[in-house]
Amino acid sequence: MLTLPLIAEKVRQFAALLFVCLLPLPALAWNAGGHRLVAHLAWQQLAPETRAEVARLLRAHPERERWLKRAKEADPDLALFVECSTWADEIRKDERFYDAGKGEATPTLPGYPDMERRRNWHYVLLPSAPVPKNPPQAGQLALQLPRLADALASRRTTDAERSYALPWLIHLVGEAHQPLHVSLRFDAKNGWDWLGNGVKVNNPFNSRKPLMSLHEFWDDLPAPRWLRGEALEKASRSLQAAYVSPPAPGNSEVWIAESLVIARLYAYPQDAQNPAEISADFFEQSREIARRRISEAGYRLATHLNQLLKARNSREK
């Protein structure tokens, strides 16, 4: 029998779920240039046998021809590795794919397990400051990173499954290093700021689009979206010269925890207005953090792939 307190609790749970469902979809990613930078930097650190295996898997991916067609790298293996890094974002606008729970599933094409966009894989909501009430629970970034790693390393996984998992893993390692892919804050209007999307900023250092969300501001810090080819190689070399590989590669839990600390201490401007004005000091500090996080993601992605594929090869012997 439903008592009044139980009914009230059920209503509260439903309201919380409805709130999460109605929140605007967040911007999802470092921009395309940032993800290509992570991949390009990682490629330089991959062991020869790792390069050969990831190239073999990506050549089997159903999107390989699209990636090669738009790439500007002379090496086709590097081109596939770099271009696949942005695919998880691109399918958000690809009509062949669908959002779970919104309309019917689209037909499954050859080489895919299904055609779901999996928008909630890109982030995880973690309070970046003390909150006065139970926060919404959403985002699978922390769950999917180890699952994808297991798929690549397991002998029980088919090549088709590994080919699908690899671009996702490359992309999500980058996402885990973006501070505003993990941050949830309680704002001054008694609402939730989800990943910095609820904070507007005026960025005088972007003449093309000065007014944007704080999330967009961070996404665009490392590099322009169009970055490819010689410009990408030059930017990658610059990062390698400026930042050495982290002494400890850590794991996905460590990467996400680091991003949460950065979100708490450095990601939000001091200006409490909405939109907040981006100062020169905040801009330079944020850009330095973003460049360092991109570099750490590249180095760690390489170490992660080297270890995963070495472990798999050891199991096969």
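**Sheet, helix and cores in the predicted model**

Three strands form an open sheet with mixed pairing, in the order 5-4-6. Strands (E, at least two residues) and helices (H or I, at least four) are DSSP runs, numbered from the N terminus. Two strands pair if DSSP finds at least two bridges between them. Strand 5 (211–213) and strand 6 (276–277) are the edge strands, and each pairs on one side only. Strand 4 (residues 200–202) and strand 5 run antiparallel and are joined by three bridges. Lys-200 has Ser-213 of strand 5 as its bridge partner.

The model is predicted: local features need pLDDT of at least 70, side-chain atom pairs count only at pLDDT 80 or more, and totals for chains, interfaces and linings use all residues. Residues are numbered from 1 along each chain as its sequence is written, and side-chain values use heavy atoms, without hydrogens and water.

Helix 7 (residues 141–153) has 13 residues and should span 18 Å at 1.5 Å a residue; its end C-alpha atoms are 19 Å apart, which agrees. The expected span is 1.5 Å times one less than the number of residues. Buried residues of helix 7 include Leu-141, Leu-145, Leu-148 and Leu-152. Buried means under 20% relative accessible area (1.4 Å probe, protein chains only).

A nonpolar core is a set of buried Ala, Val, Leu, Ile, Met, Phe, Trp, Tyr and Cys residues joined through side-chain atoms within 4.5 Å. The largest has 77 residues, and Phe-81, Trp-168, Phe-217 and Trp-218 touch the most other members. Helix 12 (residues 280–316) gives the largest share of this core, twelve residues. A second, separate core of seven residues includes Tyr-123, Trp-192, Trp-194 and Leu-195.

Notes
Buried < 20%, exposed > 50% of the residue type's maximum accessible area, 1.4 Å probe, protein only.
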